[in-house]
Each structure stands twice: as C-alpha cells, then as structure tokens.
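Work through the exercises below with the model open. Each task is followed by its solution.

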Amino acid sequence: MTSVVIYTDGACKGNPGPGGWGVLLRSADGSEKELFGGELGTTNNRMEMMAVIEALAALKRPCRVTLHVDSQYVLKGMTEWLAGWKAKGWKTASKQPVKNVDLWQRMDALVNGVGHRIDWQWVKGHAGDPGNERADALANLGVESALKARA
C-alpha cells in the first residue's frame with residue numbers, strides 16, 4: 001500500500017462568501033501534487049470538507065494516508081460524530097438534520113468505501129507548519145479562481 005501525506009485547508013472571504021479549498025499531497029517517493037478550487041456563496045466548513053474530498057478523490061488506489069487538517073469540524077465529524085449521524089439517519093443528537101450532509105456522505109464514501117487507511121492528524125492553522133501553510137495558500141488561490149470565474 002502506497003503511503004501518502006496530505007495537508008488540506010479551506011478558506012472563505014465572508015462566511016458565507018466566496019471560498020476555496022487547497023490540497024498538498026506528498027508521496028513516499030518525494031513527489032508532490034497541489035490541487036485547489038473554489039466556489040461562490042459557500043462556507044468555510046464546506047471548503048474544509050471539499051479539500052478532504054478532493055484530496056482523497058485524487059488517489060488512484062487505496063493508500064495509507066496521513067491526513068492533516070486544521071478543522072476540528074472535519075476531524076471530529078469523521079472520527080467522533082459520523083457513526084452516530086449515520087445510525088440516526090443523518091440526524092444530530094438533538095434530532096436536527098446534519099448540516100452539509102451532502103459533503104459528509106461524499107467524504108464517508110471516500111474514507112470508508114475505497115480501502116484507504118487514514119491516520120487523521122490535527123494541525124494548528126496559521127502556526128507555521130509548512131504543509132498547512134501551503135494548503136492555506138492553495139485554498140486562497142481557490143478563492144481567487146472562483147472570483148475570476150465570476151468576472
């Protein structure tokens with residue numbers, strides 16, 4: 001199984017507002033790939049989730065993944081809340097519909113349905129971690145691309 005280190009980040013200018021996601025993938029052989037994209041009228045949480053979705057979708061076969069996120073929402077959603085939401089028919093503990101359910105379901109399919117072995121790592125955002133800083137820069141490029149597409 002190939003080992004891959006991934007850093008993801010999302011950005012939003014206003015919440016909601018134009019947003020972007022960024023991904024830095026590093027293979028065990030030292031090669032790197034950068035991805036980014038954006039949307040108008042989105043939220044920071046959705047962009048954080050899109051970064052993870054796009055990162056995992058870019059992998060061509062099951063991998064051993066060390067996945068760095070600076071979003072507690074994504075981290076806790078995938079490692080603590082997901083099983084309960086699914087068991088409750090995508091409802092929260094207070095019986096409300098799960099926000100961003102479309103993206104949670106996409107992420108769940110990529111995380112649990114493809115065969116990746118994922119080690120989730122939280123990294124403090126904007127604290128000098130080189131991988132996170134690059135993912136943040138890519139997310140901001142995603143915002144710019146969304147704004148240019150609108151123009």
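A pocket is an open set of points on a 1 Å grid over the protein atoms alone, where a 1.4 Å probe fits, with protein on both sides within 12 Å along at least five of seven lines; lining residues have an atom within 4 Å of a point. A volume is the space filled by probe spheres set on the points, which are joined across faces, edges and corners. The model is predicted: local features need pLDDT of at least 70, side-chain atom pairs count only at pLDDT 80 or more, and totals for chains, interfaces and linings use all residues. Residues are numbered from 1 along each chain as its sequence is written, and side-chain values use heavy atoms, without hydrogens and water.

**Exercise 1.** Describe the largest pocket.

Step 1. Its volume is about 250 Å³.
Step 2. Take the lining: Thr2, Val4, Leu25, Ser27, Ser31, Glu32, Lys33, Ala58, Leu59, Lys60, Arg61 and Cys63.
Step 3. Sort it: 5 nonpolar, 3 polar and 4 charged residues. Ala, Val, Leu, Ile, Met, Phe, Trp, Tyr, Cys and Pro count as nonpolar, Asp, Glu, Lys and Arg as charged, the others, Gly among them, as polar.
Step 4. Strands E1 (2-12), E2 (17-27) and E3 (32-42) each give at least two lining residues. Strands (E, at least two residues) and helices (H or I, at least four) are DSSP runs, numbered from the N terminus.

**Exercise 2.** How do the axes of H2 and H3 cross?

Step 1. The axes of H2 (residues 72-87) and H3 (residues 101-112) come within 11 Å and cross at roughly 95°. Axes are lines fitted to C-alpha atoms over the stretch in contact; angles run from 0 to 180 degrees between N-to-C directions.
Step 2. H2 is therefore roughly perpendicular to H3 (65 to 115 degrees).
Step 3. Contact (heavy atoms within 4.5 Å) involves Tyr73, Val74, Gly77, Met78, Leu82, Trp85 and Lys86 of H2, and Trp104, Met107, Asp108, Val111 and Asn112 of H3.
Step 4. These residues split into 8 nonpolar, 2 polar and 2 charged.

**Exercise 3.** Locate two backbone features.

Step 1. Pro16 sits in the loop between E1 and E2.
Step 2. Trp90 is not a glycine, yet has a positive phi of about 60°. Trp90 lies in the loop between H2 and H3.

Note on methods
Angles under 35 degrees count as roughly parallel, over 145 as roughly antiparallel, 65 to 115 as roughly perpendicular and the rest as oblique.
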